[in-house]
Amino acid sequence: MVRLKDLVVAYRKAKVDLYHSTEQRFFDLVDYEESLEANLAALLDRINNGDRSWVIEPAFVGGFTVVPKSVDPSPAAPSVLWSDPATDWRERVAVADKPPTATFRLMSRCSVDFHVFSTLWLITVGDKMDSALGLSAFGNRLRRRPDGVLNRDAPGTFRSYLSPYRQWRDKGLAVMRSELDAGKSIVALTADATAFYHRLDPGFMLDEGFLARLGVSLTEEEWHLHRLFVDALHAWTSHVSRATGWRERGLPVGLPASGVVANVALADLDRLAAEEFKPLYYGRYVDDIMLVLESTAALNSQQDLWDWLAARSRGLIAHERVDETGVGTFAAHFVPDYLAGSDVVFENGKNKLFHLSGDTGRFILGSIERTINERASEWRALPSISADSSRIGTDLAAITTSDGEAAATLRDSDQLSGRRASFAIRLRDFEAYERILEPASWADHRRAFFGAIERQLLALPTYFDLAGYLPRLIKLAAACEDHEALASLFQALRELNDEVQRTCVVTVAEFDPNGERAAETRRRWAEQVVVECAESLAAAYGGRLRAQELSAMVEPLTTIAPQAADQLRVRRLRRWHRRLFERDLGHVPYRFALMRRDLGRHSDLYSPTPHVSDRFDLPLDATVADGLDELVEWLDDTAVDPAELGVGREIPGLVFATRPFNVLDLYLALRGDVTNALGSAPADVIQRILRAIRGFKPAVMPGVEPDGRLIAVPSEVRSGCRRIALGMVHTAKASMEAAALGRYDITRRRYEQLVDVVDEAITRPRPVHYLLLPELAMPPMWFVHFGLRLESQGISLVSGVEYRHRTPGVVHNQVWAALRVDGAGFPFFPVYRQDKQRPAPGEERNLRELNKLSLRPEIPWCNPPVIAHGDFRFALLICSELTNIAHRASLRGRVDALLVPEWNQDLHTFGALVESAALDIHAFIAQANHREHGDARIRGPLRKEWKRDVVRVRGGTHDYVVVGEIDFLALRREQSKHIVLDGVFKPTPDGFEIASERRLPLSSD
């Protein structure tokens, strides 16, 4: 019997899968979740009552819609070219021999019940099927724990697509490179099945012989669930057929479980490749195949290769030639007995064969690898848009044209994937600006961007290539309350709809190739566009919507689909906005409301307290329920009163979070106290919370000694050297003072200053271990943004953050460190926070004069804590704290380095202090001062005077990074000996005693 607890797990995953899919179903999910207990109880009863008829009901299987696929052929260019895309299209159509064909793709709109039920199938039967697939199948794989067991607690069901896709591609390229370097000639085939999902009959999953070959054995209860699932898949296709008259076959594209069905369908092809083809490399990303073989004279053409494969396929591949001239079209059918009702065909129009040998083969691979690296570099770089807003349209025009983009894989031919990737990068940059900047600070750039979108993307044929980005564009404009951009987008959508009706033959791929139901297709497309616009507006529009203004804005949409106009009423959108946010379906993640204002630009816009009627009591796994309760209990009580929230297991936005806390956010959101130098909940609490919200429990965690003087952060960096990048950053005094008054300077100009510094640290030829930024260098709400980008490159960020506020009249001056932790099976980055204990004299006066402010520590300490980051031990002091001789004395013998973020004008005094501290602490001193004053340096107690400044810089007209390397193990080695007179370092000073944990064993010599 299925338990209610299993359905809760299934819903938890199904909601995340839907949120991150291309099928935006926000309104349906909220409606379902507001009666979640009743809905899941009803579904449970139907599953367990033994009846199978309910899965074929139209209300359960749901409906379908259509989305743009392509416009083909694009009419040839006339003798006169027009710069305006819309005019150019009309002129091309006017001189064309026949109208172009606008092709749409059929997509499912299954009920939420069907999504929950299919996810239940995924975590039971689907888990067994997925486990039976080998390592050559890369796509649509379920998320598992390190031991291979399905991760029930993780948000979502599937592994992120990007990493497996890269593995599939990069492993194939690596094999090709290796074979070419060995002097071999190779052939590489890339192929994908034509309309694979739409031509697949799911009935094969009931074939007991196939399941036996797969090694899947099902219990009686699992067989019942399995038959219900296959019946539902068939019922959906039958419903589509009855509604349209189209043929009855295929999987519901958009239902996540369909991905596992499609993946499993080719399991015998994987086995065939391994046992009979004996390839140098075979990898499959669902139906995309890459096959690498050693070249022979018999493999000159695609037909030759498919003949060769068919001859070795044990009858599973039938190679059909359309003509016998050797140059015509042909198709290869995969025909195992269990797929008798399906049509898995690899047509040569979608396949490519490459003969690679010698230097020319390496040149081709080198070009592809260079494009991959360049694109990866763009993704790694921090979001940044052109300083000149007039260039934005030019950049977008280059992306939306159909040429000029290099291939990133062997199978790229029309560069569409490259154009999509390039556009996604640009859109990501603008979305990042919306999340972290004040909208007014980049209004000109946003205006230029949306102007270019209206002219270039919302025009034929480009829109059909990039239509999937429309919801994100609307949310971007709505979140910035950019009324003008929204009105222009909606008007352009109406004109685009009119243009399709006026100039194109409308078809549906694989179902209505002749456009016999064109009017119905256009109607469904129009409704889909309006629903997407309404959901995107409701999710992102945080301002007060005025009915008259909104009505004028959305009027073009109501003429596209009058039957869906009710979705756009202002009262409805206002109500939806709140409902979406409370259930973590809004544009702003629910977790932001649980964080203090200075940790996120949006965090003060919403109340986190759910309505009492929205709370529920559902059976959760104990690890999840207890972890959620602890999360609420440990939340910083200056952000929200936990008593108002209730317990975590009752809160929809936490129990069913689509974007749960990341590690950096979590450390900053949780309550800290005097006894915990990490400034957040104890390590075991954080482990339990992470298990509850993200499905993983790190095996190792940072720890704190009882006296708070040592913070142990596990690290597997074995080198005895560390490279520290010092950021020379200018922060205006006005920005500092505004922060002290609670008004942070989060403008474009300031953000791009920090972008330059962080990107420079990331792109250093030799990898950097730490980036050290000055005192008060960064608004606190930007720390996670920059920390995550550095985290992706394994770089720990140590930065002063601007004044923070807990109580009226009091500010805190802190340094934050996001330090890489290894040993958990993957790296993660907790945040250590350390307070400046007392203000510098000038700082104290400045704060008092500003608004009678005083500086006090949020987390007091007596002696500066030592951080043991793996083998490397260092401490932090903020600027004037370096002048405290007691602090320096307490660190003698205990640290390899002292890191000091500063805002310091007294260079001569601090210069002498640094030079003295390096000798009397006998450690490296790294200080990062503001660029306006300079003297950023790394100083070491080296014997030769001219070597003591490992690096030292001052001045400059722009922000920059300088990197120095310190050999701390060499320092320890000499400190561990009694006397070293002629070593690399100065002899230790009188009274110096090395701490036992830093002492190295003496060598035999």
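## The eight-stranded sheet

In this predicted model, 8 strands form an open sheet of mixed pairing, in the order β11-β12-β19-β20-β21-β22-β23-β24. Strands (E, at least two residues) and helices (H or I, at least four) are DSSP runs numbered from the N terminus, and two strands pair if DSSP finds at least two bridges between them. Because β11 (703-704) and β24 (949-953) each have a single partner strand, they stand at the edges, with one side of each left without a neighbour in the sheet.

Helix α33 (residues 907-922) packs on the sheet and touches β21 (897-901), β22 (924-928), β23 (936-939) and β24, contact meaning heavy atoms within 4.5 Å. The direction of α33 makes about 20° with that of β23; axes are lines fitted to C-alpha atoms, for helices over the stretch in contact, and angles run from 0 to 180 degrees between N-to-C directions.

Strands β12 (residues 710-713) and β19 (residues 866-869) run parallel and are joined by 4 bridges. Val-713 has His-869 of β19 as its bridge partner.

β13 pairs with strand β25 (residues 960-967) in the antiparallel sense over 8 bridges, with Arg-722 opposite Ile-966. With strand β14 (residues 770-772), β13 runs parallel over 3 bridges, and Ile-724 stands opposite Tyr-770.

## Basis of the values

Residues are numbered from 1 along each chain as its sequence is written, and side-chain values use heavy atoms, without hydrogens and water. Local features need pLDDT of at least 70, and side-chain atom pairs count only at pLDDT 80 or more, whereas totals for chains, interfaces and linings use all residues.
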